[in-house]
Amino acid sequence: MSDKNKKIKCVVWDLDNTMWDGVLIEDKEVTLRSDVLDIIKELDHRGILQSISSKNNYEDAIDKLDEFGIKDYFLYPQISWSSKSQAVKEIISCLNIGANTIAFIDDQDFERDEVKSVIPEVTCFDADEITNILDKDIFIPDFITKDSMRRREMYIADYHRKKVEETYQGPQEDFLASLDMKISIQYAKDEDLDRVIELTERTNQLNTTGYTYSYEELKLMQDSDTHKLLIIGLDDKYGTYGKIGIILIDTSNERWVLELFIMSCRVMSRGIGTILLNYIMDMAQTANRELYAKFIQTEKNKMMQLTYNLAGFKVFEKKENFILMKNDLSRIQKIPEYVTLISDLPEYEEDERRRIYG
């Protein structure tokens with residue numbers, strides 16, 4: 001990610017003399033800085049996650065955050081006497097996001113230098129700099145979508161899922177069945193396009209090509225007869241994951257080509273990729289079309305190549321800029337019974353066949 005395009009996904013706050021004036025373990029009373037509350041609320045509105053790295057007694061710090069009415073804004077707070085870098089590493093691991101999308105705010109030069117020396121990708125700020133932090137480009141997302149405004153809520157729901165999963169006794173499939181998952185596959189509408197752009201820009205691991213598109217390009221493909229632009233949603237008994245995926249299919253020739261397949265990292269272990277690919281394979285077979293997929297390998301997207309392989313895609317041709325894979329549609333798996341799939345695509349496809357063939 002170039003500095004020009006860099007966007008912060010999570011702000012990690014120190015507490016003493018950063019979020020509040022005073023040192024909690026020494027002072028009987030500390031005071032929330034006057035400008036901090038508005039900053040916390042605005043970051044949350046923009047979909048930027050927040051956490052804490054503080055050397056304090058955990059219970060005392062959490063009680064103080066609760067007293068200020070801001071405790072629930074922070075995910076995976078790391079409050080202990082360990083190093084700040086270790087705390088930031090733990091937050092990165094829990095959120096499963098890149099270190100280069102983390103901003104760390106602390107009033108102590110030593111602490112900022114310690115974090116920077118261990119995790120140089122992290123962007124560090126002195127507590128004195130936070131007054132104008134909201135005006136910095138890296139804290140201004142290109143779009144504020146419904147999903148980004150609910151991002152903290154969705155991460156909290158995911159936290160509860162993970163806690164249950166960690167202690168679940170039994171096969172993984174039984175755990176997935178217990179989630180009561182509902183997957184929606186729809187043609188992207190105008191109101192979805194900002195989220196489509198956001199997913200292409202934010203998703204690196206579960207991304208088959210890394211292609212990005214402007215709003216105008218997506219609008220053209222959305223309205224054309226030569227592309228299918230699909231957006232994927234997921235809900236389960238713990239709440240909504242929001243819009244978690246994109247599928248873009250080029251149908252301009254007699255064959256279908258998957259130009260782009262993206263899924264949010266939050267659904268990495270849910271088996272969603274295989275389910276979606278088998279659904280698209282069934283669509284292609286029903287439409288009597290061959291199915292191909294483009295793949296561009298990066299340092300982070302090996303998981304998507306594995307997903308294609310597991311669904312039966314094999315290397316068909318190596319081009320200069322991408323690998324073209326083909327699925328012979330000989331082994332299409334049924335949608336698992338524990339998943340409810342909601343889609344209006346079959347109706348659209350039937351209308352299209354009637355339009356073409358009468």
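I began with strand E7 (residues 123–126), where Cys124 stands opposite Phe104. Strands here are DSSP runs of E with at least two residues, helices are runs of H or I with at least four, and both are numbered from the N terminus. The model is predicted, so I kept in mind that local features need pLDDT of at least 70 and side-chain atom pairs pLDDT 80 or more, while totals for chains, interfaces and linings use all residues. Residues are numbered from 1 along each chain as its sequence is written, and side-chain values use heavy atoms, without hydrogens and water.

Entry: neighbours of E6. I found E6 and E7 running parallel, joined by four bridges; strands pair if DSSP finds at least two bridges between them. From E6 the chain crosses through helix H4 (residues 109–118) to E7, a right-handed β-α-β crossover (clockwise from the first strand over the helix to the second, with the strands pointing away from the viewer). I also looked up strand E1 (residues 10–13), which runs parallel to E6 with four bridges. Cys10 stands opposite Ile102 there.

Entry: burial of E6. Five of the five residues of E6 (102–106) are buried, so the strand is largely enclosed by the rest of the structure (buried is under 20% relative accessible area and exposed over 50%, with a 1.4 Å probe and protein chains only). I noted Ile102, Phe104 and Asp106 on one side, with Ala103 and Ile105 on the other.

Entry: helix H2 (residues 58–67). I found Ala61, Ile62, Lys64 and Leu65 buried. They span an arc of only 160° around the axis, so they lie on the same side of H2 (the arc is taken from the directions from the helix axis to the C-beta atoms). Exposed Glu59, Asp63 and Glu67 sit on the face turned away.
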